[in-house]
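Colleague: I am new to this structure, so please take one part of it, a pocket, and go through its lining slowly and carefully.

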Amino acid sequence: RLDESPDAAPARRPMPSAALVDRFVERLNASDLPGLLALMLDTGTVEMLGNLVEVGRAEFERKGGWFWHAVNVHPDLPAAIRPPKFVNERSTYHGEPVMLGFLGQGDLRFLMMVGRFEEQDGRIARLRAYNFSPEVLQEVAGELGLKAGFVPYRFPTPAAV
């Protein structure tokens, strides 16, 4: 790699279609776990930066995984600290279709998650969820004219409560 020309452009990440992101957002908002799982490649990955990495169908389907929590919204946590379910929508950021997750408070809504996708053969090969990345949320919110919510770098576990 050191011998490569400095002018060589890095390989681009496979960008998802807006239609695939729309289908994912629709199924996530409907808490449709089977529908969400059907959109994932069996060999895909889900990354929640700063929190978890899941690879493959068995991880996606397990109770306690990213999909399970996204649909069930942490039923394992005490009700007093259980977060409400995000309202998700597709947006475009720097020409890329992305998923934005919001929490509302009165008439306000706050950006709490940015999801980036990679598509392969019409399905999701990789999902990166920026829930615990306050700098990313601030930057994206600022550029899109949104308000970013407060997101710690890590969510408390039931044992920490």
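**The lining of the second largest pocket**

Modeller: The lining of the second largest pocket is made up of seven nonpolar residues, six charged ones and one polar one, where Ala, Val, Leu, Ile, Met, Phe, Trp, Tyr, Cys and Pro count as nonpolar, Asp, Glu, Lys and Arg as charged, and the others, Gly among them, as polar. The model is predicted, with local features needing pLDDT of at least 70 and side-chain atom pairs pLDDT 80 or more, while totals for chains, interfaces and linings use all residues. Residues are numbered from 1 along each chain as its sequence is written, and side-chain values use heavy atoms, without hydrogens and water.

In all, 14 residues line this pocket, and Arg-13, Tyr-93, His-94, Glu-96 and Arg-116 are those nearest its centre. A pocket here is an open set of points on a 1 Å grid over the protein atoms alone, where a 1.4 Å probe fits, with protein on both sides within 12 Å along at least five of seven lines, and lining residues have an atom within 4 Å of a point. The space in it comes to about 260 Å³, a volume being that filled by probe spheres set on the points, which are joined across faces, edges and corners.

Strands S4 and S5 and helix H5 each bring at least two residues to the lining, and H5 gives the most, with four; helices (H or I, at least four residues) and strands (E, at least two) are DSSP runs, numbered from the N terminus. S4 spans 96-105, S5 spans 108-120 and H5 spans 134-144.
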